[in-house]
Amino acid sequence: MNGNLFRGELVRLTAEEPDLLGKTFSSWDRDSEFRRLLDDEPPCLWSAKKIKEWFEKDSYEGDESGLSFCIRTLQEDCLIGFIGLWDVEWSHGDAEVGIGIGDRERWGKGYGTDAMRVILRYGFTELNLERITLGVFGYNGRAIRSYEKAGFTVEGRMRQALYRDGSRADIVFMGILRDEWQALNGERRED
Amino acid sequence: MKISEPLFVAENICLAPIDHEKDAEIEARWTHDAGYMRLLSLEPALPLSAAQLKKRYEKIEKEQDEKKNLFYFTVRMRPDDRLVGFARLYWIEWSNAGGFVQLGIGDPNDRQHGYGTQVLRLLLRYAFDELNLYRLTAVIPEYNPLALHLFSKAGFVEEVRRRKALNRDGKRWDLLHLGILHEEWDGRLTASR
Amino acid sequence: MVNGEKIDRESNTMEKDLFRGELVKLAVDEPQTVAESFSRWVRDSEYWRLANSNPVRAFSTKAIKDWLEKNPENTRGDQFIFSIRTLQDDLLIGDVGLDGVLWSHGDAFVGVGIGDREYWGKGYGTDAMRLILRYAFIELSLQRISLNVFEYNLRAIRSYEKLGFVHEGRSRAVLRRDGQRYDLVFMGILRAEWLDQNPDG
């Protein structure tokens, strides 16, 4: 039985205190590039207090559709981002993965890819999903390359769904199937 | 009558109340160990924050107060009261004099020192000598051989095997129900360790 | 015929009405309706004692309705409860459902109860069980179904055996009634076992 489900090679997945989440998320949000890579909604600058209250709501934990974590580096134990599986469709065995690395010093260094590897393993060996979906913006080339490395394939595009800085961009949908993940990880499933 | 024999104290550990201020941070660390979570719970393993645990502690005491079918304890070292685990008797049905039992030692370094045996001994005495229950059930996944051994040593027998009821790490596992009747307990585990 | 191929409509499960059996259909009713029937059924103590381990009591319609409204069924992701109505007269005769769905493992507990004893032993309960099993395996894609039943409920045990459930053990002396102790019998059916016996789904 794998006891290291939450650990990768560079990062580990954690749960954090609302106070810290409020302060950290509020400061990450001030980097508009981070927000515009992550979210199609116009960035809004929420206070640490408001974000903290949101995490403290009972409904946050009761939200059955999301299984979410924070990301800390193994080496310095630094809180650098978050990752999770949302909208789990249990009877179909599908869920959507979302990731954000708030600390731009950590971009392009493999932390995101490592966290994605950990969450895929979680999705396929703890939740026993059949596939995992994600949506990424066409202008986020670095993320798309990282997801392809993790085993995702482009499945379709919502053409010109985004409009920023005077131009249009696609939302790209990618997916990975259980068999594909197992092949990548050299595992055989017992039945 | 063994009135003077303490219900909550064993050689190295004791059963104790929740410390709402201090316990949450320690237990939050344990929940970050996926191995621990997968031994204890059938729900998908998920780490918890101290804030989430504090809310759970409140729910536990509320349930204990309102439903009266739960007896929850923390497990602490003697003499410094260091938190090492939890123990509970739950889903008690008074009219049938039956219930469920579970315990957990959070830090792997604290396991296999015999503390689990001491906790179980206290729990069984509490269940049979204080609550006057007739039987107890323990639900244990087949991939938890240490727990299976601990409960068998205490006199529990395998009663139910739910075939392939669990799915983890690409394999299906059986889920076992172990049971013990009052007459099978009879103060076992008191003599030796 | 389409393009020279005969379409076997029977095997197209997407068209099957998952809620319709041979004697009964599965439905969802308003709390008031359920409460009225339920408070009548529980006055038959045998009905209660066949299905419940906690002590039989009298419940008013209002109490049941209030409880149902505070605890709406089918809104939690791990519970699917239906009313059972007869196909012939559209009579509400009981309920059947899945509870405690452990999604990541694909397991759930099934339970059925026919409140009106006029409908015991005539296949209504078995028909409802067949429907809920099909729902569990075909619509929810579960991997196994568990149940527990009191050892003195012989009719139910026989019916479950006929449906393909396998005995998995008993919790000894769980129940104390009428000065005697009774076991709680556990049974389970795996997806492969159900598919074997129900090749058409």
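Here is a short tour of a predicted model, with stops at an interface, a cavity and one tyrosine.

Residues count from 1 along each chain as its sequence is written, and chains are lettered from A in the order in which they are written. In this predicted model local features need pLDDT of at least 70 and side-chain atom pairs 80 or more, while totals for chains, interfaces and linings use all residues; side-chain values use heavy atoms, without hydrogens and water.

**Stop one: chains B and C.** Show both chains and select the contact (heavy atoms within 4.5 Å): 27 residues come from chain C and 26 residues from chain B. Together the chains bury about 2200 Å², 44% of it on carbon and sulfur atoms; that is accessible area (1.4 Å probe) lost on being put together, summed over both. Now pick H105(C), E168(C) and R172(C), which supply 32% of the area chain C buries against chain B, more than any other three residues. Stay on R172(C): E184(B) forms a salt bridge with R172(C), closest N and O atoms 2.6 Å apart. The rule (side-chain nitrogen of Lys or Arg within 4 Å of a carboxyl oxygen of Asp or Glu) finds five across this interface.

**Stop two: Y119(C).** Jump to the loop between β4 (107-114) and α4 (124-139) of chain C; helices are DSSP runs of H or I, at least four residues, and strands runs of E, at least two, numbered from the N terminus. Y119(C) counts as buried because its relative accessibility is 14%, where buried means under 20% (1.4 Å probe, protein chains only). Beyond four places in sequence, its contacts include T86(C), D89(C) and L91(C).

**Stop three: the cavity.** Select D23(B), W30(B) and Y72(B), among the residues lining the largest cavity. About 40 Å³ of space lies there, the volume being that filled by probe spheres set on grid points joined across faces, edges and corners. A cavity here is a set of points on a 1 Å grid over the protein atoms alone where a 1.4 Å probe fits but cannot get out, with lining residues having an atom within 4 Å of a point.

Terms used
1 Å grid on protein atoms, 1.4 Å probe; cavity = no way out; pocket = protein on both sides within 12 Å on 5 of 7 lines; lining within 4 Å. Buried < 20%, exposed > 50% of the residue type's maximum accessible area, 1.4 Å probe, protein only. Buried area = accessible area lost by both parts, 1.4 Å probe.
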